[in-house]
Amino acid sequence: MSIVISLSPELEAQLCKKAAQQGQDVSIVAAELLTRILDWELQDLEEAVAGIQRGLDDFEAGRSRSLEEFAKDQRRKYDLSVDS
């Protein structure tokens, strides 16, 4: 499969420089970079969903605290006044 994308001259120069440094074809370097970022994005999404689920599970299990308790702890932790 072939996809054509338009790059800014600066980005194209960076990609060509990276390919030259690695001694690889620009297409291979671009494909590897895209693979890495797509994998990272998927992992980031999965971690975010898992974190939200843990929070929901904690809330449903009664492992939560009020906003007032949280604010009090933060003021104490960071030595903030009530007016901050």
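Reply: Confidence first. This is a predicted model. Among the elements of the chain, helix α1, residues 9–22, has the highest mean pLDDT, at 98. Helix α3, residues 67–77, has the lowest, at 95. The chain as a whole averages a pLDDT of 95. Of its residues, 99% score at least 70.

Now the nonpolar patch. Five residues form it on the surface: M1, I3, I5, L7 and L11. I3 sits in the segment before α1. Its relative accessibility is 62%, so I3 counts as exposed; the cut-off for that class is over 50%.

Next, the charged patch. Here E41, D44, E46 and E47 gather on the surface, and the patch is negative. E47 belongs to helix α2, which runs over residues 26–60. Is E47 exposed or partly exposed? E47 has 47% relative accessibility, so it counts as partly exposed. The partly exposed class lies between the buried limit, under 20%, and the exposed limit, over 50%.

Where is D79 placed? D79 lies in the segment after α3. With a relative accessible area of 72%, D79 is exposed.

To recap by place: I3 is in the segment before α1, E47 is in α2, and D79 is in the segment after α3.

Methods:
Residues are numbered from 1 along each chain as its sequence is written. This is a predicted model: local features need pLDDT of at least 70, side-chain atom pairs count only at pLDDT 80 or more; totals for chains, interfaces and linings use all residues. Side-chain values use heavy atoms; hydrogens and water are left out. pLDDT is the predictor's confidence in each residue, from 0 to 100. Helices (H or I, at least four residues) and strands (E, at least two) are DSSP runs, numbered from the N terminus. Patches are made of residues with over 30% relative accessible area and no salt bridge: like charges are joined within 9 Å, nonpolar side chains (Val, Leu, Ile, Met, Phe, Trp, Tyr) within 5 Å. Accessible areas come from the Shrake-Rupley method with a 1.4 Å probe; for residues, only the protein chains shown count as cover. A salt bridge is a side-chain nitrogen of Lys or Arg within 4 Å of a carboxyl oxygen of Asp or Glu. Buried means under 20% relative accessible area, exposed over 50%, partly exposed in between (1.4 Å probe, protein chains only). Lys and Arg count as positive and Asp and Glu as negative; His and the chain ends are not counted. The place of a charge is taken as NZ of Lys, CZ of Arg, CG of Asp or CD of Glu.
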